[in-house]
Amino acid sequence: MAESNPIESALLASKICNQISSVFSTKSPNPAALDVLVQEIADAANRNGRVFVYGVGREGLMLKALSMRLFHLGLSAHCVFDMNTPPIGPSDLLISSAGPGGFSTVDAISGVAKSNGARVLLLTAQPDSGSSMKYASVVAYIPAQTMADDKASDGEKERSLLPMGSVYEGAMFVLFEMVVFKLGEILKQSPEDVRARHTNLE
């Protein structure tokens, strides 16, 4: 196999980044996901609430990365199913993701959070349908391809640059970095404050 040269690698990286970036320039009647997330997390912090995250597969991995950064910002952040996850309550926020609109486990976890009085923020690419919508207090719409609409065209032979749910998942990562940047300003957290909370057990 021929080795890739730096120009080829940069071109491929640019194509992938541009595809993810296009998600954020899509016009929509829905509130911007960035604004929804920043507002809900800031509100939870102001009422001394905790933030819980849950998602399946790669969506779940992106949410775990967000949880780590929220902890670095000084928030009480937890990943559902971790052994030290506390109970959820009325002052808390659950951030869950169901890109295609619904997953049975997302529905179940969101239902428990809602029944215990917590707010449920649902990230999704399908805001008008899906089983998880009925549990959401608020929806953050990410207009990106997911497994639900990744259909090969007749006669299509070229591999997709970002297959299945990769566009949605990549957009989640970028979105969360923007959220963390905005929250750092709102919560008045300096780079030194954030670095001081990074683990030294590594």
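Modeller: Let's start at V194, which touches H72, L73 and Q189 if you leave out residues up to four places away in sequence; contact here means heavy atoms within 4.5 Å. Bear in mind that this is a predicted model, where local features need pLDDT of at least 70, side-chain atom pairs count only at pLDDT 80 or more, and totals for chains, interfaces and linings use all residues. Residues are numbered from 1 along each chain as its sequence is written, and side-chain values use heavy atoms, with hydrogens and water left out.

V194 belongs to helix α6, residues 191-196 (helices are DSSP runs of H or I with at least four residues, strands are runs of E with at least two, and both are numbered from the N terminus). With 23% relative accessibility, V194 counts as partly exposed, because that label covers everything between buried, under 20%, and exposed, over 50% (1.4 Å probe, protein chains only). Its C-alpha atom is 29 Å from that of N18, a residue 176 places away along the chain.

Now for V174, in helix α5 (residues 166-186). V174 is also partly exposed, at 32% relative accessibility. Together with F24 and F173, V174 makes up a nonpolar surface patch of about 250 Å² accessible area. Accessible areas come from the Shrake-Rupley method with a 1.4 Å probe, counting only the protein chains shown as cover for residues. Patch members have over 30% relative accessible area and no salt bridge, and nonpolar side chains are joined within 5 Å; a salt bridge is a Lys or Arg side-chain nitrogen within 4 Å of an Asp or Glu carboxyl oxygen.

On to the inside. The largest nonpolar core holds 38 residues, and I41, I95, L123 and I142 have the most contacts within it; such a core is a set of buried Ala, Val, Leu, Ile, Met, Phe, Trp, Tyr and Cys residues joined through side-chain atoms within 4.5 Å. Elements giving two or more residues to this core include α2 (33-46), β3 (93-97) and α5, and α5 supplies the largest share, 9 residues. I41 touches V51, L70, L75, L93, I95, V179 and L183, again skipping residues up to four places away in sequence. There is also a second, separate core of 12 residues, with F52, A98, V120 and L122 among them.

Conventions. Patches are made of residues with over 30% relative accessible area and no salt bridge: like charges are joined within 9 Å, nonpolar side chains (Val, Leu, Ile, Met, Phe, Trp, Tyr) within 5 Å.
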